[in-house]
Amino acid sequence: MGLLINALVTFLVVILVPFYRRVASVSLPQAVGRRFGSRARYLLAVFSVGGFRSWTGAELVMVKILVAPALGLDEHANWALVVFIAPVLVYTVLGGFRAIITTDIIQFGIMAVFILVRGAWACAQAAAAAP
C-alpha cells in the first residue's frame, strides 16, 4: 500500500510541478488570486491563517508535552512554550523566509542521516540474528 501511495504522489508531483512553475506565485492565495480574483485570494488567505495557526498551536503543545519533561521543565507551565518559541521567532524575524527554508534543509539532512544510520543498524542486527 505504501508503494502505491508513493507512486501516486510522485505521479501527481510530476504532473503538477510544471503548472505551479507557470503560475509564478509565492503562495497558494497569490495563485488563487491570479486565477479567481482578489476576493478569492483574501478568503483563502483567511482560511490559511486559521489553519496554520491551529496547526502551529498543536505542534507547540506537543513539543511542550514531549520535550519539556526531557529538559526538566514542567509540561503544564505555559512559560515552557516561551523556551521553544523564542528561538524560532528570533531567527524568523531576523532571517525571514530564507531562515525557515534553511532550517527545513538542516532538519532534512539530520533526518536523512538518522534514517541511513538507523537502517544500517537494523540491517546489521538482522544479519547478526540470521542463521
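Tutor: Start with the contacts: residues 24 or more positions apart account for 2% of the contacts in the chain with a separation of 6 or more. Contact means heavy atoms within 4.5 Å. This is a predicted model, in which local features need pLDDT of at least 70 and side-chain atom pairs count only at pLDDT 80 or more, while totals for chains, interfaces and linings use all residues. Residues are numbered from 1 along each chain as its sequence is written, and side-chain values use heavy atoms, with hydrogens and water left out.

Student: What is the secondary structure of the chain?

Tutor: The chain has four helices and zero strands, in the order α-α-α-α from the N terminus. Helices (H or I, at least four residues) and strands (E, at least two) are DSSP runs, numbered from the N terminus.

Student: Why is the chain called more spread out than a compact globule?

Tutor: The globule rule is 2.2 Å times the number of residues to the power 0.38, and the radius of gyration is taken over C-alpha atoms. For 131 residues the rule gives 14 Å; the radius of gyration of the chain is 21 Å, well over that, so the chain is more spread out than a compact globule. The C-alpha trace spans about 65 × 45 × 25 Å along its principal axes.

Student: How many of the residues count as buried, and what makes a residue buried or exposed?

Tutor: Of the 131 residues, 11% count as buried. Buried means under 20% relative accessible area, exposed over 50%, and partly exposed in between (1.4 Å probe, protein chains only). In α2 the buried residues are P29, A31, V32 and G33.

Student: Why is F114 called exposed?

Tutor: F114 has a relative accessible area of 56%, and the cut-off for exposed is over 50%; F114 is therefore exposed. F114 is found in helix α4 (residues 79-129).

Student: Why is L60 called partly exposed?

Tutor: The relative accessible area of L60 is 24%, which falls between the limits of 20% and 50%, so L60 is partly exposed. L60 is found in helix α3 and touches L81 and I85, not counting residues up to four places away in sequence.

Student: How do you know that α2 is roughly antiparallel to α3?

Tutor: The axes of α2 (residues 28-36) and α3 (residues 38-67) come within 7 Å and cross at roughly 160 degrees. That makes α2 roughly antiparallel to α3, because angles over 145 degrees count as roughly antiparallel, under 35 as roughly parallel, 65 to 115 as roughly perpendicular and the rest as oblique. Axes are lines fitted to C-alpha atoms, for helices over the stretch in contact, and angles run from 0 to 180 degrees between N-to-C directions.

Student: Which residues make that contact?

Tutor: From α2 they are L28, P29, Q30, V32, G33 and F36, and from α3 they are S38, A40, R41, L44, A45 and S48. α2 is followed by G37, whose phi is positive, near 105 degrees.

Student: What makes α3 and α4 roughly perpendicular?

Tutor: α3 and α4 pack at an angle of about 110 degrees, with their axes 10 Å apart. The range for roughly perpendicular is 65 to 115 degrees, and α3 and α4 are therefore roughly perpendicular to each other. The contact is made by L60, V63, K64 and V67 of α3 and A80, L81, F84 and I85 of α4.
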